[in-house]
Amino acid sequence: MAKKFIRNFLIGSGILLTLCILLVVAFDPFFQYHKPLPGLKAVLTDKEYQCVGSLKNFDYDSVIAGSSVSENYNNRWFDEAFGCTSIKAIRSYGATADLCYLLDIAFKDHTLKYVFYNLDPSALSADPVTTFESTGCPMYLYDDNYLNDIEYLLNKDVIFEKIPYLIAQSLMGDYDEGNSYNWSQWKQFNSDMILGLYIRKLSIEEMKDDTYYEEQLSGNLSILCAEIDAHPETTFKISVPPYSMLWWDNVYRNGDTESYLYNLEKAMDKLLTYDNVELYYFLNDREVVTNLENYMDILHFSPEINRYMCDSIIEDSHRVTADNYKDIINDSRNFAYEVVNELIKPYEDRIKVDIYE
Amino acid sequence: MLFNSYIFIFLFLPLTLMGWYYLNSKKAYRTAKYFLAGMSLWFYGYFNIYYLAVIVVSILGNYLLSFLMKFSKTKLSSRIGLAAGLLFNLGFLFYFKYYDFFFENINALFHTNFTLRHILLPLGISFFTFQQISFIVDRCLGKAEHYSFVNYITFVTFFPQLIAGPIVLYKEMMPQFEDISNRRFNPDNFAKGITLFTIGLAKKVLLADVLALSVNFGFDQTAFLDTPSTLLVILAYTFEIYFDFSGYSDMAIGLGKMFNIELPVNFNSPYKACSVKELWQRWHITLSRFFIQYVYIPLGGSRKGKARTLLNTFIVFFLSGLWHGANWTYVAWGTMQGLLVVWDNLGIVGVKGSNDKIPARLTIPRWLGWILTFGFFNLSLFFFRSDSMANAFQMFRNIFALKGTGYLYKIAATLDIPEFYLIKQAVNMVNPSMLNTAYLILFILLLAVSAFVISRKNALQIVNEHPLDSKLCCAVTVLFVWCIISFSQVSTFIYFNF
């Protein structure tokens with residue numbers, strides 16, 4: 001009886017576990033093994049879990065790479081304007097090493113016409129190393145080790161939640177594949193939101209030296225430039241997004257204004273030496289940046305601003321060139337100090353201060 | 001390595017079992033033991049190689065002392081050996097577990113400035129240290145022989161009990177490792193082992209870990225909890241800690257059975273107890289056994305009068321509290337248990353039908369005894385689970401504040417488990433405002449299932465009394481697979497942090 005028990009247990013468990021694995025491989029909601037099954041949509045909502053798989057297995061010829069501010073682009077805006085088929089490569093924090101890691105995956109099996117690259121100023125001063133592991137990303141989806149895929153294949157979240165969600169969104173929902181990773185649906189963008197979420201530092205730190213982040217800047221630029229160098233056939237349309245003017249205030253209070261401007265200037269100086277790079281700059285776009293109704297917090301703007309950025313890139317406005325980049329940096333400097341000395345004043349009574357500082 | 005991990009179940013365990021039975025089938029008994037010890041050290045050092053150095057030093061130190069005791073001819077040398085053994089093991093434990101706690105309090109009390117070391121606590125150090133203390137004490141007292149190194153290392157490192165017990169004694173383990181008849185594959189034991197392991201795994205993965213979602217959230221938010229949420233959070237924790245710890249013990253005993261090694265029973269339906277004294281005869285039995293043999297009896301046990309007996313009992317529980325962790329919360333918890341067991345031993349109030357030698361002056365019905373015992377244990381766990389005394393007292397205040405703010409809905413909403421996903425979506429489609437109520441029903445259902453499980457036969461009773469038929473096999477298989485697919489989760493990442 002005991003032998004029969006053991007045999008039946010092993011066979012039964014084996015069958016059930018194999019069925020689970022087959023189910024996950026067939027539907028593959030993280031797209032690790034294949035494109036969506038016929039009739040199902042590419043439902044992309046979990047970037048940490050789906051970016052790598054979709055970059056490996058989807059058909060595309062352009063990539064929209066960036067941080068969370070890039071998530072609200074609709075791929076179709078780029079596709080229609082530039083005659084391409086784009087996919088998003090998104091990474092929170094927008095660390096250069098992370099985005100280039102994702103680009104490497106894309107370049108491995110694809111020839112890209114365009115990379116629409118969002119360059120966050122904070123990414124230039126961050127450590128030039130990948131952050132996937134340190135931030136708890138599911139590394140079993142990022143490496144080439146098939147053995148640790150077991151965490152994906154035998155995973156009840158995938159079986160009970162992600163697969164039904166994929167099916168429901170494909171067959172019953174109105175999921176728009178162009179809006180992959182879009183988070184704007186239930187969010188509000190207005191001055192109450194941004195002013196409510198901004199906790200202003202009480203003190204103002206001493207302004208750091210221009211070259212304070214030189215080491216990080218150099219590391220990040222060399223990673224990004226290596227990517228550009230390696231792919232002369234690809235046009236890199238790099239844009240610096242329009243953070244709100246409260247971001248400038250925050251940067252000033254952290255003593256980072258000059259070092260950030262230095263980073264941006266050096267980055268422009270370097271990137272503009274490449275024939276396959278086009279640079280766009282929105283950080284000094286007063287109309288957008290000073291209108292707090294556009295924002296949810298000091299960084300995140302509404303999808304309308306994404307549309308505006310995309311249109312600007314299409315129309316080639318906000319373009320940075322070797323001739324105007326120094327003027328742009330000077331203008332940004334003037335604007336940054338105008339924000340802290342003048343533009344923020346009317347809002348000061350609505351801004352919370354950090355009492356725990 | 002955790003029992004509830006893919007690497008353990010799909011790689012480590014099959015490899016170890018196959019290697020063990022293969023080597024024994026070739027009559028390479030000694031090599032088989034080295035193999036088992038080697039695999040156990042891999043199991044232990046899997047998370048942190050530094051742990052390996054700690055356990056190896058502990059084993060070598062104790063083994064050397066045991067060897068030196070071969071040359072002990074006088075009572076004095078035995079006593080020196082005993083003192084050295086205790087000093088080595090307790091010093092070891094003190095350094096890794098209590099150093100910071102001790103000097104933190106010294107600094108606070110005497111305004112000194114001793115530097116804290118923030119030492120990483122090696123896994124299971126309290127278990128393997130106590131296990132070796134029991135051996136070295138008996139060795140120095142001449143009750144235990146000196147074993148070969150392979151026997152000793154196999155006894156200490158045997159992986160099923162290495163990290164969280166049961167705390168085994170050399171005299172119950174050594175003969176089993178020596179018995180050649182235990183080296184042959186025994187289908188009956190193996191099937192029972194699978195069943196016990198799976199029941200333990202299910203208690204841990206499907207109940208304890210799910211209850212922990214609400215409990216962890218509740219204990220992180222003590223200042224915001226209202227009366228109902230505090231009561232249900234502590235009830236959930238009472239179930240969680242039992243399922244977690246007894247689940248681990250069931251898994252350990254089940255794994256032991258797969259190797260034909262009988263590990264001692266550690267939990268015997270403690271929540272069915274009708275007095276605190278009885279609860280402690282059913283809860284973490286091997287720890288109580290250790291304290292009785294190596295603390296209570298040496299202190300005089302019950303041989304030195306009533307008052308001394310009660311004091312000895314109290315000391316045991318005080319130390320038991322401290323053994324559980326280096327924090328005043330554990331001391332408070334142990335003290336509470338000690339006081340209640342002392343109270344039970346006074347024989348003033350007892351439950352009907354108890355088998356106390358001297359009947360209590362006042363007897364209460366068993367159901368009342370159960371309510372009082374279970375209620376008390378729940379309350380005492382405020383100390384056990386809180387990370388500070390202030391938090392524990394806050395939880396007590398929450399109960400007596402007698403207010404309801406609806407926070408229970410927030411506690412319940414932490415149970416965002418995938419098994420509930422389709423129901424959640426259905427409620428969302430039909431009537432989104434009912435979602436909070438749906439979560440609350442799920443929470444109460446989970447507590448009801450927990451109560452049902454503890455009121456039925458425990459894992460050992462099921463294994464010993466239920467035939468190994470296809471019904472049991474079917475249930476075990478489904479539970480096993482359900483547990484396996486529960487090991488890995490898809491986490492939600494916060495979107496807006498750059």
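This is a predicted model: local features need pLDDT of at least 70, side-chain atom pairs count only at pLDDT 80 or more; totals for chains, interfaces and linings use all residues.
Helix α3 of chain B runs over residues 49–68.

The buried residues of α3(B) are Tyr51(B), Val54(B), Ile55(B), Ser58(B), Ile59(B), Asn62(B), Tyr63(B), Leu65(B) and Ser66(B). Around the helix axis these residues cover an arc of only 160°, and they therefore lie on the same side of α3(B). An α-helix has 3.6 residues a turn, so residues three or four places apart point the same way. On the face of α3(B) turned away from the buried side, the exposed residues are Ile49(B), Tyr50(B), Ala53(B), Val57(B) and Leu64(B).

Chain B as a whole contains 21 helices and two strands. Its radius of gyration is 24 Å, close to the 23 Å given by the globule rule for 498 residues, so chain B is as compact as a globular protein of that length. The C-alpha trace of chain B spans about 80 × 60 × 55 Å along its principal axes. Buried residues make up 42% of the 498 residues of chain B. Among contacts in chain B with a separation of 6 or more, 70% are between residues 24 or more positions apart.

Two domains are assigned in chain B: domain 1 covers 6–185, and domain 2 consists of 224–235 + 259–401. Taken over C-alpha atoms, the centres of domain 1 of chain B and domain 2 of chain B are 28 Å apart. The contact between them involves 19 residues from domain 1 of chain B and 14 residues from domain 2 of chain B. On the side of domain 1 of chain B that touches domain 2 of chain B, the elements giving two or more residues are α4, α5, α7 (159–162) and α8 (170–178) of chain B. Of these, α5(B) gives the largest share, five residues. By class, this side of domain 1 of chain B has ten nonpolar, six polar and three charged residues.

Terms used:
Residues are numbered from 1 along each chain as its sequence is written. Chains are lettered from A and ligands numbered from 1 in the order in which they are written. Helices (H or I, at least four residues) and strands (E, at least two) are DSSP runs, numbered from the N terminus. The expected span of a helix is 1.5 Å times one less than its number of residues. A residue is buried if 20 or more other C-beta atoms lie within 10 Å of its own, exposed if 12 or fewer, and partly exposed in between; C-beta atoms are placed from the backbone. The arc is that of the directions from the helix axis to the C-beta atoms. Domain bounds come from an automatic or database domain assignment. Two residues are in contact if their C-beta atoms, placed from the backbone, lie within 7 Å. Ala, Val, Leu, Ile, Met, Phe, Trp, Tyr, Cys and Pro count as nonpolar, Asp, Glu, Lys and Arg as charged, and the others, Gly among them, as polar. The radius of gyration is taken over C-alpha atoms; the globule rule is 2.2 Å times the number of residues to the power 0.38.
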